[in-house]
Amino acid sequence: EVILIDALRRPPCIIGFSGGRDSSALLALAIHVARREGLEAPIAATNVFPGDAQAAESEWQELLVRHVGVETWQRLSFGDEMDVVGPVAAPLLLHFGPTFPFNGHFGMPSMALAAGGSYLTGVGGDEVFDLNELTRLAYVLAGRIRPKWVDLKSIAQALAPEALRARQWKRLLTPEPWLRPEVQQSFMADLARNLARQHIWFNNQVAHDIWRERARMALTATLSAFGATVGTVVIHPFQEETFLRSVAARCGRTGWPSRAAALEELFGDVLPLEVAQRTSKATFDSVFFNQYSQAFVQRWDGGGVNEDLVDVDRLRSAWQAPEVDPRSLSLLQSAWRNEHHEG
């Protein structure tokens with residue numbers, strides 16, 4: 001609430017509202033706080049993609065809007081403009097170059113609505129509220145659930161030396177086939193080492209693993225820079241240090257037993273139960289690889305990527321696959337910018 005009050009005192013306060021659980025929780029609580037504190041109501045902003053069933057969340061959005069009484073709901077309709085090299089992303093790519101994440105431009109139209117004010121996202125909710133592979137282990141070690149035989153293997157793996165845990169993680173990782181073999185090995189080894197260093201206890205995961213994660217820091221920096229181009233302060237309440245510290249202190253070693261339990265405890269007085277308990281989620285893969293990307297791939301001459309690291313032929317094959325691996329899209333942006341920057 002403290003984070004939301006600060007944002008509401010910097011109007012217009014726009015909340016990126018997808019209809020998912022995290023953005024719904026933020027919107028519901030922000031409206032509740034605004035009414036209580038006598039502040040200007042936040043504005044919900046939603047990217048809408050007519051005809052894309054995978055990205056559709058209208059039923060969930062309307063349920064939340066009716067429940068909390070949203071006063072202003074801006075629905076921004078798009079076709080293929082959110083392509084990773086499309087009209088929304090292109091000016092940012094030309095100005096900043098490729099950034100992480102590749103889809104950071106997704107909130108840019110909503111950030112523009114918040115010019116001079118604040119823009120809030122639900123980014124970080126997955127990391128805090130979703131159960132992970134160590135959740136059950138923490139419950140077993142804390143004596144909160146009775147162990148099963150399979151848990152003995154998990155305990156042995158978790159308490160093994162870091163090098164052994166890293167090797168176990170490396171076997172589970174999905175390769176990126178466009179990387180050259182030696183680069184692939186080095187990258188996977190680095191990623192596996194980072195995963196092997198995850199803390200078992202929930203409070204340490206929140207205070208250390210999430211807060212210090214390179215992806216979190218890069219995303220925060222990217223969206224802050226994007227927001228600055230339109231005079232908007234971008235805030236991610238679920239990634240704020242004060243929130244993470246309070247969660248760590250409140251939830252201790254085991255955290256919540258489920259995402260639904262977390263949302264019901266924190267937002268149960270403002271969030272519809274159906275939203276807290278839902279398990280579905282929209283996806284936007286087809287939105288990001290659309291006609292602009294497809295046209296670029298057709299004319300791509302292999303430039304704009306480091307061939308010491310990347311196998312150009314394999315990368316081209318990955319972009320021409322029926323389902324494009326989103327992990328390759330940062331390279332697509334790099335290649336696209338190289339073409340246009342030279343021009």
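Analyst: In helix H8 (149-158), Asp-151, Ile-155 and Ala-158 are the buried residues. The arc they cover around the axis is only 65°, which puts them on the same side of H8. The model is predicted, so local features need pLDDT of at least 70 and side-chain atom pairs count only at pLDDT 80 or more, while totals for chains, interfaces and linings use all residues. Residues are numbered from 1 along each chain as its sequence is written, and side-chain values use heavy atoms, with hydrogens and water left out.

The terms used so far are as follows. Helices (H or I, at least four residues) and strands (E, at least two) are DSSP runs, numbered from the N terminus. Buried means under 20% relative accessible area, exposed over 50%, and partly exposed in between (1.4 Å probe, protein chains only). The arc is that of the directions from the helix axis to the C-beta atoms. An α-helix has 3.6 residues a turn, so residues three or four places apart point the same way.

On the face of H8 turned away from its buried side are the exposed residues Trp-149, Val-150 and Lys-153. The buried residues of H8 pack against helix H7 (135-141) and H9, where contact means heavy atoms within 4.5 Å.

H9 (162-172) is the next element to consider. Its buried residues are Arg-165, Ala-166 and Gln-168. These cover an arc of only 160° around the axis, which puts them on the same side of H9. Among the elements that cover them are H8 and H10.

With 34% relative accessibility, Glu-162 counts as partly exposed. Arg-197, at 44%, also counts as partly exposed.

The loop between H9 and helix H10 (181-196) holds Arg-180. Its relative accessibility is 25%, so Arg-180 counts as partly exposed. Apart from neighbours within four places in sequence, Arg-180 is in contact with Glu-307, Asp-308, Leu-309, Val-310 and Asp-311. Its side chain reaches the backbone oxygen of Glu-307 at 2.5 Å. One of these contacts, Asp-311, forms a salt bridge with Arg-314, with the closest N and O atoms 4.0 Å apart.

Elsewhere, salt bridges that share partners join Asp-22, Asp-126, Asp-130 and Arg-259 into one network. Within that group, the side chains of Arg-259 and Asp-126 meet at 3.0 Å, N to O. Arg-259 is in helix H14 (residues 259-267) and Asp-126 in helix H6, so the pair ties together parts 133 residues apart in sequence. Arg-259 counts as buried at 7% relative accessibility, whereas Asp-126 is partly exposed, with a relative accessible area of 28%. The count of salt bridges comes to 16.

Aromatic pairs are defined by rings of Phe, Tyr and Trp (its six-membered ring) whose centres lie within 6.5 Å; planes under 30 degrees apart count as stacked, over 60 as edge-to-face and the rest as tilted. By this rule there are 12 aromatic pairs. Phe-102 and Phe-288 form an edge-to-face pair, 5.8 Å centre to centre with 90° between the planes. The ring centres of Phe-129 and Phe-238 are 5.2 Å apart and their planes are at 85°, so this pair is edge-to-face. Phe-129 is in helix H6 (residues 125-129) and Phe-238 in the loop between strand S5 (233-235) and helix H13 (241-251), so the pair ties together parts 109 residues apart in sequence. Phe-129 is buried, with a relative accessible area of 2%, and Phe-238 counts as buried at 2% relative accessibility. One aromatic cluster is formed by Phe-129, Phe-202, Phe-238, Phe-243, Trp-256 and Phe-267.

Technical notes
Polar contact = N/O pair within 3.5 Å; in protein donor to acceptor, adjacent residues only side chain to side chain.
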